[in-house]
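Work through the exercises below with the sequence and the coordinates at hand. Each task is followed by a solution in steps.

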Amino acid sequence: MRSILIGSILILAGCSRELPPGSRNNFRPYGIQHATLHFEYYGDVRGTEDLFIDSFGSVEAHIIHSEAATEQGFRPTYRDIIRSAGELTIVDSVRHVEVKMIDRTMDSLYRLESSVPTAEEAFANNFKARGYQLSGDTTVLGLRAHVWERMGTNESVLEWRGIAIGNAEEFPGHLQELRLTSIDTVSPVPAGRFVPPPGFPVRDLTKANSSAPPPMAP
């Protein structure tokens, strides 16, 4: 199962005009000012994920500690993903590398001159383009969430204020599920949460003129 909780917004910007270099609009990836969310895996994947949000998603940190069952045993993923606007830093503690890159589509959203989407519009555009459709609502830890189902599959995603707060994938003999187990939308997130852990060789792709791939766990 791939983690989808990082806010990588895959939206076609169309022919909208962009702001000059160095300028930024008021795009908000999420509809909540700050939050700390904790998730746990069930089924063929075990482990946890944590998502830290500040400034309505202008900055976020996503920490993944998980292990997926394979024929060769459990495959670990230990990854810290820090995003500030359209800039990403991915620290992979298994591969011992830190990668800096530009999320081209997220960066372009921050530079749209007009037609800036809301958080929920951005989420809907993203997941509709990936074959999902809105199928209803549910409640998770007191949060009223939308249920998105991928057509022709047993995959579903829960969304609240533009944030994916859970997902599930079921196929014969297998179940992979990520559940939200706690959320704090009151306490400010310490600034240190948005600082990548040090100590790994750095690959800087910010000047490579290549789009950043969706930072998802394999």
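Arg161 is found in the loop between β9 (155-160) and β10 (163-171); strands are DSSP runs of E with at least two residues, helices are runs of H or I with at least four, and both are numbered from the N terminus. The model is a predicted one, in which local features need pLDDT of at least 70, side-chain atom pairs count only at pLDDT 80 or more, and totals for chains, interfaces and linings use all residues. Residues are numbered from 1 along each chain as its sequence is written, and side-chain values use heavy atoms, with hydrogens and water left out.

**Exercise 1.** Classify the ring pair Phe27 and Tyr110, and locate both residues.

Step 1. Rings of Phe, Tyr and Trp (its six-membered ring) pair if their centres lie within 6.5 Å; planes under 30 degrees apart are stacked, over 60 edge-to-face, and the rest tilted. The count by this rule is four aromatic pairs.
Step 2. For Phe27 and Tyr110 the centres are 5.4 Å apart and the planes at 75°, so the pair is edge-to-face.
Step 3. Phe27 lies in the segment before β1 (35-43) and Tyr110 in the loop between α1 (104-109) and α2 (119-129), so the pair ties together parts 83 residues apart in sequence.
Step 4. Both Phe27 and Tyr110 are buried.

**Exercise 2.** Describe the surroundings of the Phe127 ring.

Step 1. The rings of Phe127 and Tyr132 have centres 5.1 Å apart and planes at 70°, so this pair is edge-to-face.
Step 2. Phe127 is buried at 2% relative accessibility, and Tyr132 is buried at 6%.
Step 3. Phe123, Phe127, Tyr132 and Trp148 form one aromatic cluster.
Step 4. The charged end of Arg130 sits over the Phe127 ring, 4.5 Å from its centre (the criterion is NZ of Lys or CZ of Arg within 6 Å of the ring centre and within 35 degrees of the ring normal).

Definitions and conventions: Buried means under 20% relative accessible area, exposed over 50%, partly exposed in between (1.4 Å probe, protein chains only).
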